[in-house]
Amino acid sequence: MSTTIAAPSGIAGTASALRRLYFVRFAFAIVWALVMFTMASEITPVGAVLLVLYPLFDVGAAVYDAKISRSTGSPALLYVNVAVSLVTAVGVAVACTSGVPAVLRVWGAWAIVAGLVQLIVAVPRRSMGGQWPMILSGGISVLAGGSFIASAGAEQPALTSAIGYAVPGAIFFLLSALRLGRTSKGA
């Protein structure tokens, strides 16, 4: 008996699988943000683990997305996202030992690069439906990343902006999941 998950066939199958992924990403981001807000004033050991976990979760989501999306185009950019998020997880782990400004700089650089990748991946997927929230999210991520880097130089930098970044991202994933419902009905 095989336990591998077959890639869905056609746009409807891909849309259905993406819809499930986006619902999971929504739930993860909301729960992560709620937990992180309780420890936003300083980097605790648990907070450091959670800060590293977020880009690692993105790695898993991008790998799954690449697997299910083969029928909608090349997954090359999704693998770029995997590499960037892996480097980010290591960077965040190291930055946690240096303090909040370092974490904000790494998080900001990640938000910029991941936002660009998300934007570039979502544009060709427009015909599938449900991608306008992803396009908007990618653009906002680029802008937010710049603000995180800038806020690292503030007199009292805080993680709240980086944590808050997860909430709109979660909402965009939810909106995309709901919009993909129409396309996935053919699955």
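The model is a predicted one, and its protein chain comes to seven helices and zero strands. Of the 187 residues in the protein chain, 46% are buried. The structure holds one salt bridge, and the two residues that form this pair, Arg 25 and Asp 58, are also among the residues closest to the centre of the largest pocket.

**Fold**

**Salt bridge**

- Arg 25 and Asp 58 form a salt bridge in which the closest N and O atoms are 2.4 Å apart.
- The pair links distant parts of the chain, with Arg 25 in helix α1 and Asp 58 in helix α2, 33 residues apart.
- Side chains of opposite charge can pair when their charged atoms come close.
- Arg 25 counts as buried because its relative accessibility is 16%, under the 20% limit for that class.
- Asp 58 has a relative accessible area of 8% and is therefore buried as well, by the cut-off of under 20%.

**Largest pocket**

- The largest pocket holds about 530 Å³ of space, and 32 residues line this pocket, of which Arg 25, Asp 58, Gln 118, Ser 137 and Phe 173 are the closest to its centre.
- Two or more lining residues come from each of the helices α1 (10-37), α2 (45-68), α3 (76-96), α4 (100-122), α5 (132-151) and α7 (166-184).
- Sorted by class, the lining of the largest pocket has 22 nonpolar residues, together with six polar and four charged residues.

**Nonpolar surface patch**

- Leu 77, Val 80, Leu 116 and Ile 120 make a nonpolar surface patch of about 300 Å², to which helices α3 and α4 each give two or more residues.
- Val 80, one of the residues in this patch, has its place in helix α3.
- With a relative accessible area of 38%, Val 80 is partly exposed, because this class lies between the limits of 20% and 50%.
- The relative accessible area of 38% for Val 80 is therefore also in keeping with the patch criterion of over 30%.

**Where the topics meet**

- Helices α3 and α4, which supply the nonpolar patch, are also among the elements that give two or more residues to the lining of the largest pocket.

Note on methods:
Residues numbered from 1 in each chain as written. Predicted model: local features only at pLDDT ≥ 70, side-chain atom pairs only at ≥ 80, totals over all residues. Heavy atoms only, no water. 1 Å grid on protein atoms, 1.4 Å probe; cavity = no way out; pocket = protein on both sides within 12 Å on 5 of 7 lines; lining within 4 Å. Points joined across faces, edges and corners; volume = space filled by probe spheres on them. Helix = DSSP H or I, 4+ residues; strand = E, 2+ residues; numbered from the N terminus. Nonpolar A, V, L, I, M, F, W, Y, C, P; charged D, E, K, R; others polar. Patch = residues over 30% accessible without salt bridge, like charges linked within 9 Å, V, L, I, M, F, W, Y side chains within 5 Å. Areas by Shrake-Rupley, 256 points an atom, 1.4 Å probe, with all protein chains shown as cover. Salt bridge = Lys/Arg side-chain N within 4 Å of Asp/Glu carboxyl O. Buried < 20%, exposed > 50% of the residue type's maximum accessible area, 1.4 Å probe, protein only.
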